Amino acid sequence: MSKISLTDTVAEMTEPWQPRDLAIANDAVVRVARFHGAFPWHHHDEDELFLCWDGSFRLEMRDRDPITLHRGDIVVVPRGIEHRPVADEPAHGVMIERPETKQYGN
């Protein structure tokens, strides 16, 4: 058991879309990534939780209105929904998902 600093971890991240696994608890992994630009469209066979750590980004979803997250906001993208995060300026997001969740979807 050890302490993990999200603040220090995001300060070290310079490249977008390269998530780091921070912790595993029960059946979930906590991942953090730097967002900048548009990530490719994809979907997962499981739900995916996004928490905006800093900055802001939007989640675009097929056939749905986009959702913009600001620091401290959380949204869950239900399984099977095609989506992509988009950040006009650098931002950091925390994702909580299953360890087997693939970054580019199923």
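Which residue in E2 does Ala23 stand opposite? In the predicted model described here, the residue opposite Ala23 is Val30 of E2. This position belongs to the antiparallel pairing of E1 and E2, which runs over five bridges. The two strands form a hairpin with two residues between them, and within this hairpin Asn26 adopts a positive phi near 55 degrees.

The protein contains one helix and seven strands, arranged along the sequence in the pattern α-β-β-β-β-β-β-β. Its radius of gyration is 13 Å, close to the 13 Å given by the globule rule for 106 residues, so the protein is as compact as a globular protein of that length. Along the principal axes, the C-alpha atoms occupy a box of roughly 40 × 30 × 20 Å. Of the 106 residues, 36% are buried. Among contacts between residues at least 6 apart in sequence, 64% connect residues at least 24 apart.

Strand E7 (residues 83-97) takes part in several antiparallel pairings. With strand E2 (residues 28-38), E7 forms nine bridges. Val30 stands opposite Ile96 of E7, and Ala33 stands opposite Gly93 of E7. Val30 is also the residue of E2 that faces Ala23. Strand E3 (residues 48-54) pairs with E7 over five bridges, and here Cys52 has Gly93 as its bridge partner. Strand E4 (residues 56-61) pairs with E7 over four bridges, with Arg84 of E7 as the bridge partner of Glu60.

His43 lies in the loop between E2 and E3, and the C-alpha atoms of His43 and Arg84 are 8.5 Å apart although the two residues are separated by 41 positions in sequence. His43 is partly exposed, its relative accessible area being 29%.

His92, by contrast, is a buried histidine, with a relative accessibility of 8%. The residue is located in strand E7. Why does His92 count as buried? Its relative accessibility of 8% falls under the 20% limit, and His92 is therefore assigned to the buried class. The side chain of His92 makes a polar contact of 2.9 Å with the side chain of Asp54. The His92 side chain also reaches the backbone oxygen of Val10 at 3.4 Å. Beyond neighbours within four places in sequence, the contacts of His92 include Met13, Ala33, Arg34, Leu51, Cys52, Trp53 and Phe57, as well as Val10 and Asp54.

The largest nonpolar core has 16 residues, of which Phe35, Phe50, Phe57, Leu59 and Leu69 touch the most other members. At least two residues of this core come from each of E2, E3, E4, strand E6 (74-77) and E7. A second, separate core holds five residues, among them Val10, Leu22, Val32 and Val94. Within the largest core, Leu69 is one of the members that touch the most others. Setting aside neighbours within four places in sequence, Leu69 is in contact with Phe50, Cys52, Gly55, Ser56, Phe57, Leu59, Ile74 and Val75.

In the second core, Leu22 is one of the members. Leu22 sits in strand E1 (residues 20-25) and is buried, with a relative accessible area of 18%. Residues touched by Leu22, apart from those up to four places away in sequence, are Ile4, Leu6, Thr9, Val30 and Val32. Val32 is itself included in the second core. Leu22 and Ser5 are 17 residues apart in sequence, with a C-alpha to C-alpha distance of 9.3 Å. Val10, another member of the second core, provides the backbone oxygen reached by the His92 side chain.

The UniProt record, in an unreviewed entry, places the feature "domain: Cupin type-2" at residues 37-95. Over residues 37-95, the chain is 0% helix and 61% strand, and the end C-alpha atoms are 17 Å apart.

Conventions
Residues are numbered from 1 along each chain as its sequence is written. This is a predicted model: local features need pLDDT of at least 70, side-chain atom pairs count only at pLDDT 80 or more; totals for chains, interfaces and linings use all residues. Side-chain values use heavy atoms; hydrogens and water are left out. Two strands pair if DSSP finds at least two bridges between them. Buried means under 20% relative accessible area, exposed over 50%, partly exposed in between (1.4 Å probe, protein chains only). Contact means heavy atoms within 4.5 Å. UniProt positions are given in the numbering used here, feature names are shortened, and annotations may be inferred rather than shown by experiment. A polar contact is a pair of N or O atoms within 3.5 Å; within protein, one must be able to donate a hydrogen and the other to accept it, and residues adjacent in sequence count only if both atoms are side-chain atoms. A nonpolar core is a set of buried Ala, Val, Leu, Ile, Met, Phe, Trp, Tyr and Cys residues joined through side-chain atoms within 4.5 Å. The radius of gyration is taken over C-alpha atoms; the globule rule is 2.2 Å times the number of residues to the power 0.38.
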